[in-house]
Amino acid sequence: MNGEAILPYLIIIPLFGAFSMPIVSLIGRKAREAWAVIISGATLAVASALFYSVWEDRGIIVYTLGAKSPLGQGVSFPIRIVWEVDLFGAIMVLMVALVSFLAVVYSLGYMKHDTGLDKYYTLIIVLELGMLGIAITGDLFNFYVFLEIMSIASYALVAFRNDTWEGIEAGIKYMFVGSIASSFILLGIALLYGQYGTLTMSYLAVKLAQNPTVTAKVALALFIAGLLFKSGASPVHMWLADAHPAAPSSISAMLSGLVIKVGGVYALARLLFSIYSPLAYKALRAYGYPYINMNTVGWAIIIFACLTLIIGNAMAVIQTDMKRLLAYSSVGQIGYILLGLGIGLAAYGSHTGEVALAGAIYHTFNHALMKALLFLIAGVVIHELGTRDLNELSGLAKTMPKTTFAFLIGAAAIIGMPPLNGFASKWLIYESSAIFNPILGAIAIIGTAFCTAAYVRVLYTFFGRPSERVMKAKDPEASMLWPIIILAVAIVIMGLFPWQISEKVMLPAAKALEDQLAYISAVLGGA
Amino acid sequence: MIQFQFITAFLLIVLGIYAFLAKRNLIKLILALDIIDSGIHLLLISLGYRIELNEVPTAPIYTGYETLKSPMVGPLPQALVLTSIVIGVCVLSLAMALTINAYRHYGTLDVRALRRLRG
């Protein structure tokens with residue numbers, strides 16, 4: 001299949017769908033819901049086709065906006081905006097489209113009692129659009145625009161229920177932190193432009209390898225600071241624990257499952273591997289030219305990762321609010337992903353580094369499914385019982401058996417139990433971190449111990465003696481149940497073929513991310 | 001020649017960050033965000049406007065550029081700044097809307113009052 005021909009539809013369909021939503025809403029409620037499902041379903045279809053096409057021929061798809069070639073007329077450098085999708089980007093695209101589609105289907109039942117739903121569906125599709133854009137872009141200017149589209153939509157969605165103080169307070173905190181982070185990133189982009197005069201990622205990579213200056217280092221520090229803010233790494237994770245529980249549950253699933261990864265970790269990986277490259281660092285160092293030490297950068301990320309995975313998982317244990325517990329658990333899992341990324345950078349070129357990177361990519365995908373499942377279940381509980389305080393949810397297994405069973409699958413997967421998908425990805429991260437440095441392996445295992453404690457506590461509550469409050473509860477209606485079932489089945493099926501997926505998809509994705517030369521030559525080509 | 005625009009941009013960014021950290025009123029915080037953004041915009045525009053060989057660059061209008069004697073400024077930072085201004089307006093209006101809602105719920109604009117979420 002021709003991936004280049006279908007790539008633009010990944011942006012066109014959600015963009016058209018989002019802004020035609022208010023008009024379609026005029027017809028009526030049914031039309032609006034059908035339109036939202038059709039648009040996100042069509043996006044999922046395009047995303048699957050794109051993923052298959054990239055995976056099949058292991059190439060990089062380059063799409064130039066407004067011309068056949070990214071290069072300018074008569075000049076040998078790119079002047080146009082390019083989109084560039086390698087296998088890593090394609091995995092992110094698939095993940096975003098899948099979870100967003102399920103979140104939209106879930107919203108049909110979950111948001112039924114809210115008002116202003118035309119705005120809600122517009123914003124949820126704009127949020128999806130922003131994330132898809134970040135995953136496919138090959139230009140820093142374009143990246144900033146999509147990052148802001150994503151961020152603004154998520155600020156608005158966190159504060160969507162503006163009749164509650166909780167949503168407003170969380171929205172304000174999220175917005176201030178997010179805007180400062182965006183400003184850091186914009187300042188970094190400005191410095192890079194001032195130094196090198198281009199914003200196309202692949203050409204910037206060439207320029208950077210030729211002349212790594214202090215300005216580029218300052219810009220890198222600003223990027224890392226901004227993107228760690230956005231991904232919710234410790235010590236700046238406080239906004240996440242407020243914002244993710246306050247949003248409606250379908251949005252929490254997207255925020256925790258997708259936004260912190262695509263807008264944080266994916267962008268960081270793209271910057272560190274495709275623009276500032278450990279490959280150029282090794283080569284320049286070997287020949288005695290000035291270089292940017294990516295080894296140090298890798299270790300800095302590893303230190304943040306260790307802090308994040310210990311603090312996030314430990315804070316999850318002491319929460320009494322179910323969604324807050326899940327949010328802190330997200331912080332902890334981001335720690336694992338960052339650990340894999342950091343080791344991939346510090347041990348670049350070795351097999352360990354590649355395995356760590358594959359583990360990080362694998363865990364990103366897995367965690368998106370698991371955390372989306374768990375937040376959707378939390379939403380079901382809130383919908384049925386009107387509370388998310390764990391002390392009041394005792395004995396839920398009696399009256400909501402399907403929901404509890406799905407929660408059991410999600411919790412077991414996130415802890416890393418063998419027959420489920422979390423096992424393989426966590427194993428790759430443990431294995432590589434233990435080979436790289438045994439202390440890091442030990443820290444990763446301690447984090448999992450806290451994680452297990454947190455989820456066992458929830459399950460203990462669910463299987464406990466039924467309280468009076470839960471006796472009235474029942475399993476939810478079909479539109480809320482099906483997304484949960486699909487996610488649970490996906491987790492089990494992915495868990496049955498862990499090493500096949502790792503060999504066929506995740507390791508090639510890690511290789512594609514590491515192969516900076518292919519990324520550059522895909523755009524610059526014959527130049 | 002001292003390039004005052006870079007100093008101004010730097011001062012604006014530092015001033016904004018100072019205000020963001022030191023002030024407690026929500027509206028002042030929003031202003032601080034806007035000042036930081038303005039500083040970055042000024043920096044970007046100044047980076048595009050380079051005086052080389054004492055030739056003052058003109059606006060990047062490509063129609064009839066063959067007859068032009070002097071160089072043009074870089075069009076890319078201008079496009080980026082225009083986009084960024086639009087994004088800034090979005091964030092600003094959303095921030096004001098949230099601030100109005102916060103005032104309804106809390107009865108104050110003091111950011112220290114927004115501390116009910118904890119744990």
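Biologist: What makes the largest nonpolar core a core, and which residues have the most contacts inside it?

Modeller: The largest nonpolar core holds 249 residues, and Ile91(A), Val93(A) and Leu373(A) have the most contacts inside it. The term denotes a set of buried Ala, Val, Leu, Ile, Met, Phe, Trp, Tyr and Cys residues joined through C-beta atoms within 7 Å. This is a predicted model, in which local features need pLDDT of at least 70 and side-chain atom pairs count only at pLDDT 80 or more, while totals for chains, interfaces and linings use all residues. Residues are numbered from 1 along each chain as its sequence is written, and chains are lettered from A and ligands numbered from 1 in the order in which they are written.

Biologist: Which residues is Leu373(A) in contact with, leaving aside its neighbours within four places in sequence?

Modeller: Two residues are in contact if their C-beta atoms, placed from the backbone, lie within 7 Å. With those neighbours left aside, the partners of Leu373(A) are Ala406(A), Gly410(A), Ile484(A), Leu487(A), Ala488(A) and Ile491(A).

Biologist: Why is Lys28(B) called partly exposed?

Modeller: Lys28(B) has 14 C-beta neighbours inside 10 Å and therefore counts as partly exposed. A residue is buried with 20 or more other C-beta atoms within 10 Å of its own, exposed with 12 or fewer, and partly exposed in between; C-beta atoms are placed from the backbone. Lys28(B) lies in helix α2 of chain B, and, neighbours within four places in sequence aside, is in contact with Ala19(B) and Lys23(B).

Biologist: How many helices and strands does chain B have?

Modeller: Chain B has three helices and zero strands. Helices (H or I, at least four residues) and strands (E, at least two) are DSSP runs, numbered from the N terminus. Over residues 79-103 of chain B, the span is 100% helix and 0% strand, with end C-alpha atoms 36 Å apart.

Biologist: What makes up the side of chain B that touches chain A?

Modeller: In all, 28 residues of chain B are in contact with 30 residues of chain A. The elements giving two or more residues to this side of chain B are α2 (26-48) and α3 (75-106) of chain B, and α3(B) provides the largest share, 15 residues.

Biologist: How confident is the predictor in chain B?

Modeller: The mean pLDDT of chain B is 84, and 88% of its residues reach 70 or more. pLDDT is the predictor's confidence in each residue, from 0 to 100. For the complex, the predictor gives an ipTM of 0.92 and a pTM of 0.93.
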